[in-house]
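Open the model in your viewer and keep the selection panel at hand. The tour goes stop by stop.

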Amino acid sequence: MSEYARSFSEYLRKEKNSSQNTLSSYLRDIGQFESYISCGIEAATQDDVLRFTKHLTEQGKSVSTVTRSVASLKSFYSFMQVQGLVFNNPAKAVSIPKVDRKMPQILTNKEVELLLAQPKTNDLKGYRDRAMLELLYATGLRVSELISLDVHDVNLSASFVRSGSPRERIIPVYQTAVKALAEYIKVARERMVRSKDDQALFVNVNGERMSRQGFWKIIKHYQEKAGIKKEITPHTLRHSFATHLLENGADLRSIQEMLGHADISSTQVYVNLVKSKLQDVYQRAHPRA
């Protein structure tokens with residue numbers, strides 16, 4: 001990785017408070033471009049960027065991946081311009097055909113209830129799994145945020161959790177989830193952690209912080225137990241959380257804040273989803289419409 005990319009990484013981390021996932025994506029895209037071109041990255045031209053996008057397409061990369069790579073380069077070279085390291089942004093005028101955004105998969109209220117009812121509190125894992133699923137649906141946290149929570153991030157008496165990544169925010173938690181969390185912390189967590197000094201809220205059977213892969217397996221296990229045919233991922237509960245809030249009258253700005261979206265356009269997709277659902281309901285009720 002070049003010194004320019006390192007400086008950009010530091011800027012994103014310190015000035016933009018970007019998440020580790022965002023940093024990794026930017027640096028991967030910039031690194032691939034840097035490896036592809038024959039000149040130094042500060043000497044790249046628009047033709048270099050265009051050839052790079054063609055190269056990615058020929059490798060079978062999706063339109064969304066190529067678009068993200070170009071966006072990474074645009075941001076990187078904008079930073080370079082501000083720093084006085086380049087005169088022009090070679091990626092600025094490069095555009096990729098837009099790809100239609102797929103509507104996110106969501107669960108119905110009944111499917112959510114069915115999924116959340118699956119963990120049984122007859123062992124330590126059951127207490128943990130119930131608390132994790134309830135909290136995920138109650139807050140709309142990303143799975144990376146969920147597994148990064150420490151004990152001090154949870155305020156049971158005030159019914160909220162604090163998520164510090166990528167943007168710190170306070171998210172209210174409904175009472176059923178508060179109860180599940182309280183029981184997990186009281187009954188199971190202290191018997192699962194390796195050390196009393198460990199701050200991780202959710203841990204695996206080895207007493208270590210829960211991983212993304214570990215939680216993915218938990219979701220798939222309870223999906224099968226519930227007999228739900230839809231493909232469920234940890235993000236499905238986040239999508240369901242946002243959509244159900246919107247259906248029940250929550251305003252878009254509040255949902256944006258709870259989800260931690262930097263741009264409200266990311267939250268707007270749930271409005272389109274609700275509209276699509278209403279149209280489906282109307283068509284079923286009025287087949288001649």
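**Stop 1: D150**

Select D150 and show its surroundings. Leaving out residues up to four places away in sequence, D150 touches Q199, A200, L201 and R209. Keep in mind throughout that this is a predicted model.

Now show the side chains of D150 and R209. A polar contact of 2.6 Å joins them. Is D150 buried or exposed? D150 has a relative accessible area of 16%. The cut-off for buried is under 20%, so D150 counts as buried. To place D150 in the fold, colour the loop between α7 (143-148) and β1. D150 sits in that loop.

**Stop 2**

Follow the chain on into β1 (154-155). Together they form an open sheet of 3 strands, in the order β1-β2-β3, with antiparallel pairing.

Select N155 and look across to β2: F160 stands opposite. As a rule, the strands of a sheet pair through backbone hydrogen bonds, parallel or antiparallel.

**Stop 2: α1 against α2**

Go to helix α1 (residues 3-14) and helix α2 (residues 20-36). They pack at an angle of about 160°, with axes 10 Å apart. Angles over 145 degrees count as roughly antiparallel, so α1 is roughly antiparallel to α2. The crossing of α1 and α2 is right-handed.

Which residues make the contact? On α1, select A5, F8, S9, L12 and R13. On α2, select L23, Y26, L27 and I30.

**Stop 3: I106**

I106 lies in the loop between α4 (63-82) and α5 (109-116). I106 is buried, with a relative accessible area of 9%.

**Stop 4: the whole chain**

Clear the selection and zoom out. The protein chain has 12 helices and 3 strands. Its C-alpha atoms fill a box of roughly 65 × 65 × 35 Å along the principal axes. Of the 289 residues in the protein chain, 43% are buried. Among contacts in the chain with a separation of 6 or more, 59% join residues 24 or more positions apart.

Note on methods:
Residues are numbered from 1 along each chain as its sequence is written. This is a predicted model: local features need pLDDT of at least 70, side-chain atom pairs count only at pLDDT 80 or more; totals for chains, interfaces and linings use all residues. Side-chain values use heavy atoms; hydrogens and water are left out. Two strands pair if DSSP finds at least two bridges between them. Helices (H or I, at least four residues) and strands (E, at least two) are DSSP runs, numbered from the N terminus. Buried means under 20% relative accessible area, exposed over 50%, partly exposed in between (1.4 Å probe, protein chains only). A polar contact is a pair of N or O atoms within 3.5 Å; within protein, one must be able to donate a hydrogen and the other to accept it, and residues adjacent in sequence count only if both atoms are side-chain atoms. Contact means heavy atoms within 4.5 Å. Axes are lines fitted to C-alpha atoms, for helices over the stretch in contact, and angles run from 0 to 180 degrees between N-to-C directions. Angles under 35 degrees count as roughly parallel, over 145 as roughly antiparallel, 65 to 115 as roughly perpendicular and the rest as oblique. A crossing is left-handed if the near helix is turned anticlockwise from the far one by less than a right angle, and right-handed if clockwise.
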